[in-house]
Amino acid sequence: MPLEDTASTINVIDYNFGLSRQKTSNRNSGVPLHFFLPTSPDSAPFHYRPSFHFPASNHSLNVIRPFTLAHGTTTLGFIFQGGVIAAADTRASAGGLVACPAVHKITPIHSHLVVTSSGSGADCMLWERILAREIRLYQLRHRQRLSIRGAAKLLSFMLHPFKGTDVCVALTLCGWDKEAGNTGCAKISEDSTFKINDSSSAHSSQDVNVRAYSASPNSGPQLIYVCSDGTRLQGDVFSVGSGSPYAYGVLDRGLRWSLSRDEAISLAREAVFRATHRDAYSGNNVDLFHITAQGWKQRQREDLKEEFYRDMEKRAKIVDKRKRVTELDSYG
Amino acid sequence: MEYLIGIQGPDFVLVAADNVAASSIIQMKHDYDKMFKLSEKILLLCVGEAGDTVQFAEYIQKNVQLYKMRNGYELSPSAAANFTRKNLADYLRSRTPYHVNLLLAGYDDTDGPGLFYMDHLSSLAKAPFAAHDLTRDDAVDLLKKCIEELNKRFILNLPSFTVRLIDKEGIHDLEKLAHGAK
């Protein structure tokens with residue numbers, strides 16, 4: 001029997017992008033299965049075949065911008081025995097101008113998911129909100145929290161129609177998946193605030209120190225990189241942005257699974273600091289989040305200017321010591 | 001910069017793919033798997049533009065699985081290859097063509113092993129030859145020689161390769177080949 005014609009196969013797919021008519025599934029008890037998609041004349045949904053003519057080139061119509069888009073940044077995330085660390089600088093640059101020195105590049109989405117953003121600031125802000133909304137809708141519809149991998153795939157599919165346009169979004173989802181079999185309700189951690197109202201069921205607290213989570217694909221710490229060009233990568237360490245080569249340099253040297261919490265935080269801080277030192281488009285402060293089974297905790301934003309001066313002093317001392325040693329040698 | 005290779009023997013196909021997932025000049029992952037299992041005896045190796053590879057390969061993968069669910073038996077490698085080619089061709093002249101290059105390797109219970117090459121212009125070519133009397137070990141040796149030459153002359157560093165073998169028993173994972181493998 002021949003395979004069904006491509007066109008009919010496509011229409012059977014449960015979700016559709018961008019088309020305004022609602023499609024519901026009887027299986028899901030009438031829940032609409034379409035995802036939100038901001039309409040734009042240049043977006044090309046997955047199976048959409050234009051019946052009218054677009055300009056010959058594949059690119060979006062060129063809009064003249066009053067300033068260059070912000071793209072420079074250093075963000076990083078890595079997994080270690082104590083959970084996930086997410087760190088980023090706080091500078092938003094527009095060409096050569098520091099548009100804002102105190103931007104939040106790490107945004108909590110829910111109690112166990114934090115997103116670091118890089119690329120165009122406006123696009124990231126929008127897509128973070130869209131992601132948060134879709135995750136919340138999924139939770140309401142299915143009475144179960146979407147896994148981090150699921151959230152990444154959802155985001156990737158929502159971004160797909162904008163491939164080839166000027167949308168520039170590179171998000172790293174850093175989160176913690178509950179063990180399979182648990183209900184999706186998280187225990188509220190005292191320090192973390194929620195963007196959504198999670199029902200705080202009295203869950204017995206999980207003793208993270210005793211339980212050694214396996215690095216299985218659907219439970220425990222997760223780190224997934226999603227980019228508007230369609231890349232979706234799950235891994236143990238990612239750094240994104242113009243300062244990422246410098247951050248990778250520091251991370252690749254010092255990163256081990258067995259780091260303690262303080263060592264990991266110090267490593268992340270050092271990586272961002274070195275990147276901000278060398279990269280013109282990164283700088284100002286460093287934000288740091290630590291995600292565990294209990295949720296995310298934010299470290300106080302730290303101004304790297306102080307760190308820079310401390311580093312300068314340290315170096316000056318080393319140079320001094322060396323000078324004194326060579327003086328002694330030359331006299332000895 | 002990616003690398004896929006397939007070697008067809010008398011009753012098996014050996015395939016290998018590099019493990020690097022790169023973003024411009026940075027290697028973001030060193031252990032990325034570029035092979036997609038379409039069915040018990042068919043593998044799709046997919047390289048090309050960043051998002052297109054996974055989107056397209058997963059689309060083909062799910063459709064092949066759907067066929068099996070609907071009809072109770074699996075698509076043959078030749079049918080899967082032609083289905084893939086048709087999809088590539090349909091999207092080629094749309095606003096969003098898929099820029100992917102593919103190798104489809106499979107074992108058909110009636111026709112034996114098959115290796116198909118497809119590229120982003122949706123050309124399809126079945127390798128019309130197979131090395132006679134090529135044992136599995138010979139094929140792995142041949143593969144190692146190819147990788148050695150690659151590491152010698154290719155400008156990019158491809159440190160490791162995933163290797164799989166398909167025969168009438170199904171898909172077998174072989175040992176990963178690393179740089180400097182003798």
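1. In chain B of this predicted model, β1(B) and β2(B) form a hairpin with 3 residues between them. Strands are DSSP runs of E with at least two residues, and helices are runs of H or I with at least four residues, numbered from the N terminus. Strand β1 (residues 4-8) runs antiparallel to β2(B), with 5 bridges joining the two; two strands pair if DSSP finds at least two bridges between them. B:Ile5 has B:Ala16 as its bridge partner in β2(B).

2. β2(B) also pairs with strand β10 (residues 160-167) of chain B, in the antiparallel sense and over 7 bridges. Here B:Asp18 lies opposite B:Phe161.

3. Strand β2 (residues 12-18) of chain B is largely enclosed by the rest of the structure, because 7 of its 7 residues are buried (under 20% relative accessible area, 1.4 Å probe, protein chains only). In a regular strand the side chains alternate between the two faces of the sheet. On one side of β2(B) the buried residues are B:Phe12, B:Leu14, B:Ala16 and B:Asp18, and on the other B:Val13, B:Val15 and B:Ala17.

4. The buried residues of α2(B) include B:Pro77, B:Ala80, B:Phe83, B:Asn87 and B:Tyr91.

5. Residues are numbered from 1 along each chain as its sequence is written, and chains are lettered from A in the order in which they are written. Local features need pLDDT of at least 70, and side-chain values use heavy atoms, without hydrogens and water.

Definitions and conventions. This is a predicted model: local features need pLDDT of at least 70, side-chain atom pairs count only at pLDDT 80 or more; totals for chains, interfaces and linings use all residues. Buried means under 20% relative accessible area, exposed over 50%, partly exposed in between (1.4 Å probe, protein chains only).
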